[in-house]
Amino acid sequence: MNIIEFTLLVWVSSLLAGFVGSLTGLGGGIIITPLLTLALGVDIRYAIGATLVSVIATSSGAAAAYVREGFSNIRIGMFLEIATTLGAVTGALFATKISTGTISMIFGLVLLYSAYASSRPRHERVGDCQPDPLASRLKMNGSYPTPDGPKAYCAKAVPSGFSLMFGAGILSGLLGIGSGAVKVIAMDQAMGIPFKVSTTTSNFMIGVTAAASAGVYLGRGYIDPGLAMPVMLGVVVGSLVGARVLTRAKTRWLRLLFGLAIGIMAIEMIYHGLTGRL
Amino acid sequence: MAKQTLHWTDQYVEDLIGNLLRVGVTVAAGVVLFGGSIYLVRHGLAAPHYRVFVGEPADLRSVSGIVRDALALRGRSLIQLGLLLLIATPVARVAFSVAAFAMQRDRLYVVVALIVLAVLMYSLTGGRA
C-alpha cells in the first residue's frame, strides 16, 4: 500500500467516523482513534495527535450553527474552560509519560462508558430555579428559547461542576477526544443546567479544551501532517453531512446499533492494551 | 459611550464569534488541502510509516520551524501550518472574548478569559513543566 492509497483509506474511514459521530452525538474523535489503531495498525500516539486536531475542527465548525440557535451560555463556558484547559494540559503531559498499553486501556474504558451513555434515552429536566449565591455572582443564570417562549434557568453546585470539568479536560488531553459526554454530565447532572444549553455549551468548549492539549502534542512531535490531513478533512466533511441528516433521521435505533459496535471496539482496545499488542 | 456598550449584547458577540470560528476552520482546511496536494504529488508513491512511532522532526514541532518551511512550499509543512491555524481558531475566540467582555464592562469575565488565554499560550509555547 502506498501513501496515496493509505491517505484515501484514512480519509474515507474518517468521513464515516465523522458522520456516525455527529449522528450519535459521540463525536468523531472517540471513533476514529480505535479505527486507526485497530483496523489500520497506526501507532496510538499518531492516532491521538491526528484526532485531536479533527476535534477542534468539528467543534469550531459546528459552533456557528449552535450560536444562531441561542442555546449556549458563553459565561458558563468560559468559566469552566479554566478547568478544562488546565486538565487538558495536565492530561497531555501525562500522555507523554505513560505507556501506550495503559492509554489504550483507559481509552477502551472511556469508550465503553460513552457507548452506554449514548444509548440511554435523553431527557429534558424541568428544574426549579433556586438562585445559588456562587453561580449568581459568576452570572451563570440565563434563559433559553423554547416553543413556549424564553425559559429561565439557574446554575448550582459550581465547585463540583468545576471538578468534573477538570476530569473531562484530563481525559481530553490524555486521549485526544472532545470528552463531550463528561462535559454534558458536569453541566446537566451536577450543575442543573438544561440539557440543550449543556450540549451546545459543551460543543463550544470542546475546541478550546482540545487546543490546550494540541499545543503540547505538536511540541512533542505527536502530530504527523501526512496522517492528520486526511483525518481532519474526512471528519469535517462527515460531521457536516451528519449534522444535516440528524434533523430528519430517527436516531434512537441508530444510537443503540452504534453503541453496540463501539462496545466491541472498546473491548478490543482494552484487550490490546492488556496484551501489549498495539 | 453608553450606546456602544449597549451594542455589544451577548447575542451580537456570539454571532461574531461563530463567524470567526467558521472562517478560521475554512481557511485552515484550505491550507491543509493545498499542502496535502503537494505532499501527495511528491511523496504519494512511497510507503506509509505509521506502525512505528518515531515522532516528528524538529522543523514540524515549533511554530517558527513550520512557518519557515511552509514559506518554502514544502507539503508537510504547509499541512502543519493549516493545522496550526486550526489550533489558533479557539485561541482567537478566547482572545476575542477578552475584548468583548471588556466592551461589556464585565471585569470579572475579562479576568476569567485572560486566565484561559494564559493556559492556552503556555501550551502553545511548548508546555514545559
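Modeller: Two residues are in contact if their C-beta atoms, placed from the backbone, lie within 7 Å. This is a predicted model, in which local features need pLDDT of at least 70 and side-chain atom pairs count only at pLDDT 80 or more, while totals for chains, interfaces and linings use all residues. Residues are numbered from 1 along each chain as its sequence is written, and chains are lettered from A in the order in which they are written.

Biologist: How many residues does the contact take from chain B and from chain A?

Modeller: Both chains contribute to the contact. Chain B supplies 56 residues and chain A supplies 53 residues.

Biologist: Which element gives the most to the side of chain B that touches chain A?

Modeller: Helices here are DSSP runs (H or I, at least four residues), numbered from the N terminus. Those of chain B that give two or more residues to this side are H2 (10–43), H4 (75–103) and H5 (107–124). With 18 residues, the element that gives the most is H2(B).

Biologist: Which residues touch the most other members of the largest nonpolar core?

Modeller: A nonpolar core is a set of buried Ala, Val, Leu, Ile, Met, Phe, Trp, Tyr and Cys residues joined through C-beta atoms within 7 Å; buried means that 20 or more other C-beta atoms lie within 10 Å of a residue's own. The largest core has 119 residues, and those touching the most other members are Val53(A), Ala228(A) and Met232(A).

Biologist: Which helix provides the largest share of this core?

Modeller: The share is 12 residues, and its source lies in chain A. That helix spans residues 195–219 and is H9.

Key. A residue is buried if 20 or more other C-beta atoms lie within 10 Å of its own, exposed if 12 or fewer, and partly exposed in between; C-beta atoms are placed from the backbone.
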